[in-house]
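Today I opened a new page for this chain and went looking for what packs, pairs and bridges. Here are my notes, in the order I looked things up.

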Amino acid sequence: MLRITDILDKTQSYLTPADQEMIEKAYVFSATVHQGQTRLSGEPYLTHPMEVAGILADMKLDAATIITGLLHDTVEDTLTTTEQIEAAFGRDVSFLVEGLTKISKITFGSQEERQAENFRKMILAMSADLRILIVRLADRMHNMRTLNFQPREKQRYIATETLELYAPLANRLGINWMKVELEDLSFLYLHSDAYHEIARRIDKKKEQREQYTEEVRGIIAKEIAKYGLRGDVEGRAKHFYSIYTKMNSQRIDFDEVYDLIAFRIILDANKDKECYEALSIVHALWKPVPGRFKDRIAMPKANGYRSLHTTVIGPYGERVEIQIRTRQMHEWAEEGIAAHWRYKERRVDLGSDDQQIMKLRELLEVQQEVQNPREFMANLKLALFPDEVYVFTPGGDVKSFPKGATPIDFAYSIHTDVGNQCIGARVNRSIVPLKYELQNGDTVEIITQAGHHPGKDWLKWAVTSRARSKIKNWIKAEESKRSIEIGREILEREFRKQNLRFSQFLRSDEFKKICEEQNIATPDDLMALIGYGRISAKHIVNRFAPETGVKAEEAAVDRGRKKPKGVASLGISLTGIEDVLVRFAHCCDPIPGDEIVGYISRGRGITIHTSQCANLQELDAERFVEVSWNIKEKQTYPVDILVICQDKKGVIAEVSSVISSLDINISHAEVETTQDLRAICNFRVDVHDLGEFNRMVAAIKKVKCVLSIERTKKS
């Protein structure tokens, strides 16, 4: 267990005695309020805040941040209040602890909403003080290091969340060492067999690799010293997750991954020109691989990362990846925003003029506008893009976009009106369609036309969260207008059928009651809900009809009916909507155990999607409804899987036999072989639930020749 003296030793070189005294005081406070609490490992709970504070001290963060690390769970998990924190440690610490306190007292409709709300609070708090996000990342880091004590299902959920959101957030802030460790730990729990296989293969050639690394390192160091450049040369093996993603994306085996070792030249002089001098020395030594040079000094990444990257054919014909940077660039590359904070006299302020910090505003602006949790999470993941392309404005300014960006994204980056009125673009002086994918070095000029407006097709081509959000806002506003018109027409028609006057309804007390019940403010809001199909016009009119006979009975039932109606034949329960057709979306094929959401389709009832379905991003958030599984009769559900294996005799029969042995039916199978001796197998199987599906996946992974397996979804 980390001791308080260890943390004080880490901070002694850069904090004052008064700061260290406050850290020690926070340690005593945390130990007192957490006394008697234990972790799942059986250790005292205090070990967790101590380890978090230790991570923050290693990053050389200020006293307030380290104190927050010691106190970050006190308000949530003990009787401590933020007022007590403020009285003992000041407003700065109190603000940080309050920003980190999870939303544990609010009831959410689904796990996804809970996750979205936690991330929303974290991202919005980040706009006030980035230290909140850094402490949250340190908290997640230690939780991942001790994840082995959690139940298997929780391990998978936490690891998935870490891989999809926390690791990209660390990358966005430029904290590379944290990104790498979070990715590798997530990889361990999500794909344990693949992780251990890569570890075994790397360890097998450890001695040979270390010998080669030392030889190449020595050659580079000697050569740059000959030309008067001072600095260090490092050699390191790539981390496991990056090797795994390369094997998957290129569909290659471990033995075909050539550049397992990467070298860094870290120059003492903080001059860009020395980096280019070192590059010329390396290229004089070994032949560069075409298309593998990246100048991240002239065009830094969105997170501020700067370095030269090249790949050369090194000794013995091996491909060698080399990064060249100054020591200051290296510090930013590894520690990102934390390094920036130290340069800026221990203050991270998004209101400053620093160019790298200002780029983070793009991540924050859109998130504050989005209310739907699914759309929020989709936008957040899009905003944390890993790869960028760099293009030029006609004036010569450089703009960075995620890979796959189009002129639509470029247009909305200029102004919302430019995006809405965009009809085309000139790229390198040639007219291109709106779906053209921008390439590095393109010069882009947007063509607009007054009165033009976005279409739904644009969502297929836009990739930035800003552009997608602006397009959806416009479409939503237009659909809202149409829904109001449709809703009013339907309601007026129902009133006429009952010989009632619609104008009287709008002025009645009953209308006010309906608005209160549905939590709506205006008649237009009610018309829109009717137009969307969320409220039945007939039920509203029945409340105004003379309550005699059957109508009175129906009206009473309508007013009293609150329980969700189960659709037994499909195993689905609906909340607040009745008498509608329900069907499953074929694009994602939900199965019991999946997180699901309902979408109201005009004329087609409610379509059930998985909450992770990619098509949800294209749909109107106003039409989502809460649904849940309500399985009463055992039945099977179709699901598609893609199995990639070595093309060897009998392997397809072996995979099929494994599936059949679990009493799972294969309703469809397609097999395609490739030139590199791979068999691409697409199966459609019928399973009862997610648990049975996961058991099948685990069994297939044990087949020796299987390289990968994944659940597939139609686009």
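I started at I66, which touches I7, T11, Y14, L15, I23, A53, L56, A57 and L61, leaving out residues up to four places away in sequence. A contact here means heavy atoms within 4.5 Å. Before going on I noted the ground rules: this is a predicted model, where local features need pLDDT of at least 70, side-chain atom pairs count only at pLDDT 80 or more, and totals for chains, interfaces and linings use all residues. Residues are numbered from 1 along each chain as its sequence is written, and side-chain values use heavy atoms, with hydrogens and water left out.

My helices (H or I, at least four residues) and strands (E, at least two) are DSSP runs, numbered from the N terminus. For burial I used under 20% relative accessible area as buried, over 50% as exposed and partly exposed in between, with a 1.4 Å probe and protein chains only.

Which residues of α14 (240-250) are buried? I found F240, Y241, I243, Y244, K246 and M247. Their cover includes α10 (152-172), α11 (176-190) and α12 (192-204). After α14 comes R251, with a positive phi near 50°.

I202 sits in α12 and is buried at 10% relative accessible area. I saw I202 touch R209, F240, I243 and F254, again not counting residues up to four places away in sequence. I202 and L260 are 58 residues apart in sequence, yet their C-alpha atoms are 9.0 Å apart.

**Entry: a four-stranded sheet**

I traced an open sheet with mixed pairing, in the order β13-β15-β14-β16. β13 (582-584) and β16 (624-625) are the edges, each with a single partner strand, so one side of each has no neighbour in the sheet. Strands count as paired if DSSP finds at least two bridges between them. β13 and β15 (residues 605-610) run in the parallel sense over three bridges, with R583 opposite T607.

**Entry: positive phi in loops**

R429 has phi near 75° in the loop between β8 (422-427) and β9 (430-432), and is exposed at 83%. D663 has phi near 65° in the loop between α30 (651-661) and β19 (665-673), and is exposed at 68%.

**Entry: salt bridges**

I took a salt bridge as a side-chain nitrogen of Lys or Arg within 4 Å of a carboxyl oxygen of Asp or Glu, and the count came to 26. D268 and R327 form one, with closest N and O atoms 2.6 Å apart. D268 lies in the loop between β2 (261-267) and α15 (272-285), and R327 in α16 (residues 327-335), 59 residues apart.

D640 and R684 form another, at 2.9 Å. D640 is in β18 (residues 637-646) and R684 in β20 (residues 678-687), so the pair ties parts 44 residues apart in sequence. D640 is buried at 14%, and R684 is buried at 19%.
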